[in-house]
Amino acid sequence: MSAKKAYPFGVIEPKWQKYWLEKGLFRSADPGEEGSSKPKFYVLDMFPYPSGSGLHVGHLEGYTASDIIARYKRMKGFNVLHPMGWDAFGLPAEQHAILTGTHPAITTRQNIANFKRQIQAMGFSYDWSREINTTDPAYYKWTQWIFLRLFEKGLAYVAEAPVWYCPNLKTVLANEEIIHTPDGPRSERGNHPVIRKPFRQWFLKITAYAEKLLEGLENVQWPESIKEMQRHWIGKSEGALIQFPVEEKEFKIEVFTTRPDTLFGATFLVLAPEHPLVEEVTTPENRAKVDNYRAAAFLKSDLERTELAKTKTGVWTGGYALHPVTGERLPIWVSDYVLMTYGTGAIMAVPAHDHRDYEFAKTFNLPIRKVVIPEEDGKQNETDCFTGEGISVDSEFISGLKTAEAKKRIVEWLEERKLGKKTIQYKLRDWLFSRQRYWGEPFPIVWKEGKAIAVSDADLPVLLPDLDDFTPTDEGIAPLSRKKEWVELPDGTRREVNTMPQWAGSCWYYLRYCDPHNEKLPFSAEKEKYWMSPHGVDLYIGGAEHAVLHLLYARFWHKVLYDIGLVSTPEPFYRLVNQGVILGEDNQKMSKSRGNIVNPDAIIQEYGADTLRLFEMFLGPLQQSKPWSSKGLEGPHRFLARVWRLFMDEDGEGMWVLRTDIVDEQPPLPIQKLQHKTVAEVTQDIENFQFHTAIAKLMTFVNELTKEKTRWKSVLEVLLLLLSPFAPHICEELWHNLGHADSLAYEPWPEYDPKLLEEQWVEIIVQINGKVRGRLSVKKDTDKQELINRAREHSSIAKWLENRAFSKIVYIPNKLLNFVFEPKE
Ligand code: ANZ
């Protein structure tokens with residue numbers, strides 16, 4: 001008997017998939033429906049873009065993890081929302097259409113069918129009655145509707161701006177869609193070179209939410225690295241704006257600095273090449289030089305311009321500014337290391353304390369004046385450029401002050417004389433929200449006499465019309481502009497011809513899952529509140545590559561919806577878990593060109609979905625990157641075959657029958673102990689997303705049981721329940737063979753008796769305002785935060801914690817956790 005065909009997965013798996021689907025077993029109960037009085041748990045996957053190449057093993061890693069949690073939570077007594085859908089607008093379907101002439105809607109439909117087949121073949125417990133598709137007019141109607149809410153609030157506007165344009169893709173791209181490589185800036189999608197070009201575009205005012213987007217990060221359970229990336233992207237800097245009068249002119253140049261305390265070390269000013277005052281300050285003798293320099297700078301990317309290592313370039317304008325305190329003449333230069341898109345586009349250069357200014361001063365022989373010294377002696381003369389904080393020197397009335405105090409004093413002084421003020425700057429830019437492409441949501445906007453007018457809600461959706469030719473034009477004019485009868489309306493208005501970027505549909509899809517068939521609203525308040533309270537989606541699993549794009553955009557839309565009272569929580573996603581990247585067997589990123597992509601269909605054919613699920617989790621810790629190994633499939637497969645043979649035997653004709661030595665008796669104490677230990681450990685591991693170690697413990701359990709002469713039915717049942725979130729098909733089959741009529745999907749998760757465990761297990765009493773509301777069995781010395789998380793997710797405790805802010809948590813190690821709330825008014 002070959003190990004591969006060691007049990008009949010080819011029969012069992014389709015059979016149970018059909019059973020689950022036909023019974024609608026994983027339909028979650030909406031508020032008011034039977035089952036909705038249970039505590040709820042919303043576990044979300046990042047929905048896929050249905051590409052032509054089908055699912056890859058990386059998708060399956062995250063989806064397997066979320067499915068384990070969904071199945072586990074159901075058994076723990078939760079009403080689980082676990083939906084799936086398709087993020088189906090986007091470039092690849094359109095590129096394919098341009099090449100083959102097939103309408104993107106057709107390709108998309110085929111790809112979705114293929115993805116769905118592959119996902120269902122994995123036995124994931126999705127509630128398919130909630131399936132959504134961002135390209136469905138019944139869905140994008142509401143994407144347009146939400147856009148109109150942003151438009152009404154002044155958060156969507158049109159502006160002419162230099163933006164990234166990709167000549168290959170023939171579209172403009174958002175900052176977030178550009179990657180900076182040693183060969184210059186490139187498009188994230190397709191890796192094509194991109195250039196800067198001025199264009200009339202739609203923008204969303206995400207900058208208005210910079211502070212809220214920062215603050216909200218404090219209240220979510222996300223990996224610190226992702227929070228850091230968002231903080232960095234938002235880029236908050238506290239500093240000052242300082243006015244420098246210009247010699248012989250009426251106007252002043254305003255600079256932004258984070259180090260106003262270094263004002264007395266400023267020896268020249270630098271303007272960005274695009275700065276409007278360059279014209280005004282440049283003297284006739286310097287004009288030609290300055291103009292040439294500006295033209296060259298326009299072609300460079302911001303990253304090229306600001307790179308530290310780069311040799312500094314620049315030109316003198318011939319003009320002078322005056323130091324606001326001393327009145328000293330400071331030459332005004334133009335250099336491309338100063339960006340027009342940040343601060344005021346002008347800086348005071350302090351070469352003794354800023355590296356870039358230092359390089360510039362060295363290159364052009366400009367004076368360097370030291371005005372800050374380190375607090376500790378000794379370090380004093382280590383370098384000519386000291387960027388740290390310290391004590392001000394040679395700085396008139398701020399000399400002798402420490403940096404923080406010096407900043408405060410100088411800003412007060414400038415504010416009193418209206419020469420400057422405190423300010424906060426963000427690196428975040430408004431979100432470029434239009435694309436000159438076909439396959440996206442049309443804007444619900446018409447134009448009249450140069451004015452953008454909202455299409456009324458009653459006229460939504462604005463349907464995407466059919467086209468014969470999807471090719472964008474060289475000038476980046478949207479393909480929809482060719483459809484004259486669509487663009488020109490009888491009342492003389494013209495439709496907006498750009499479409500929304502792919503990110504639009506994924507900004508709110510998790511809300512639509514709460515109420516996917518609502519025809520009157522994007523979702524009802526009641527359903528939104530039921531599924532999203534108290535803190536948003538309970539668990540969101542997906543790739544870390546979405547750290548700033550999707551996860552920032554969705555948070556922004558959510559916060560706008562929160563401000564207009566459409567959603568009940570300030571943040572969309574409470575807990576975020578990133579699965580690690582699965583590399584090819586060669587330890588390289590999987591890609592078509594390397595030929596190291598693994599096709600799940602072939603594996604399911606050969607080993608079955610249960611083996612693939614186990615294997616995906618057994619590769620290593622969920623959050624870590626790890627290489628694929630086809631040889632590794634044998635291990636989990638043999639394990640499942642061993643599980644099978646604990647229950648089943650071949651009869652004389654080669655048919656599988658239930659073993660005759662399974663007994664309905666109390667197992668001996670050592671087996672009981674093993675069982676309770678396994679339950680405790682597997683439970684703890686699942687709670688901590690340590691699926692690989694949970695599987696290892698189940699393997700040990702099975703090995704030990706295989707050694708025994710007797711098969712105790714009660715122990716075998718516990719094994720099936722524990723294994724079922726990982727390998728649901730084989731467990732359903734064996735559960736059924738043991739004589740159960742119903743699926744095990746809603747059987748209570750096995751309990752364990754702490755008395756039967758070694759003494760390192762303790763029972764924690766959980767109190768709410770001093771009243772006992774539940775108990776948690778955990779390993780001794782489990783830390784406080786972990787306990788709080790466990791309590792929040794515990795079926796009988798969770799409801800006491802929902803929607804309430806507690807004032808303190810009393811914790812007595814290994815004994816008690818008491819949540820203390822302010823009394824209700
Ligand atoms: C004087 C100074 C002295 C500065 C010093 C730094 C150190 P972050 O922290 O990134 O906000 N700056 C301001 N606007 C700029 C622009 N448009 N392009 C390039 N550089 C710009 O950096 C703020 C600092 O970056 C500002 O503070 C300014 O240089 C520079 F010892 O002003 B500083």
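Helices, as DSSP runs of at least four residues, and strands, as DSSP runs of at least two, are numbered here from the N terminus. The structure is a predicted model.

**Annotated position**

The loop between β25 (582-583) and α18 (600-607) holds K592. In the UniProt record, an unreviewed entry, the annotation "binding site" covers K592. The relative accessible area of K592 is 68%; residues over 50% count as exposed, so K592 is exposed. Apart from neighbours within four places in sequence, the residues in contact with K592 are S53 and I597.

**Strands**

Four strands make up an open sheet with parallel pairing, in the order β2-β1-β23-β24. The edges are taken by β2 (79-81) and β24 (576-579); each has a single partner strand, so one side of each has no neighbour in the sheet. From one strand to the next, the twist averages 20 degrees. Within this sheet, β1 (residues 40-45) runs parallel to β2, and Y42 has L81 in β2 as its bridge partner.

Elsewhere, β7 and β8 form a hairpin, with 2 residues between the two strands. These strands run antiparallel, and I178 has S187 in β8 as its bridge partner. The two pairings are set out below.

| Strand pair | Direction | Bridges | Bridge partners |
|---|---|---|---|
| β1 (residues 40-45) and β2 | parallel | 3 bridges | Y42 and L81 |
| β7 (residues 178-181) and β8 (residues 184-187) | antiparallel | 4 bridges | I178 and S187 |

**Nonpolar cores**

The largest nonpolar core contains 118 residues, and F147, W431 and W557 have the most contacts inside it. Helix α5 (residues 137-152) is the element that gives the most to this core, contributing 9 residues. Why does this core lie between domain 1 and domain 2? Residues come to the core from both domain 1 (26-136 + 514-617) and domain 2 (143-214 + 430-503), so the core lies between the two.

The surroundings of W557 can be listed residue by residue. Leaving aside neighbours within four places in sequence, W557 is in contact with T143, I146, L150, L204, W431, F433, A504, C507 and W508. One of these contacts, W431, is itself among the residues with the most contacts inside the largest core.

Conventions
Residues are numbered from 1 along each chain as its sequence is written. This is a predicted model: local features need pLDDT of at least 70, side-chain atom pairs count only at pLDDT 80 or more; totals for chains, interfaces and linings use all residues. Side-chain values use heavy atoms; hydrogens and water are left out. Two strands pair if DSSP finds at least two bridges between them. Axes are lines fitted to C-alpha atoms, for helices over the stretch in contact, and angles run from 0 to 180 degrees between N-to-C directions. A nonpolar core is a set of buried Ala, Val, Leu, Ile, Met, Phe, Trp, Tyr and Cys residues joined through side-chain atoms within 4.5 Å. Buried means under 20% relative accessible area, exposed over 50%, partly exposed in between (1.4 Å probe, protein chains only). Domain bounds come from an automatic or database domain assignment. Contact means heavy atoms within 4.5 Å. UniProt positions are given in the numbering used here, feature names are shortened, and annotations may be inferred rather than shown by experiment.
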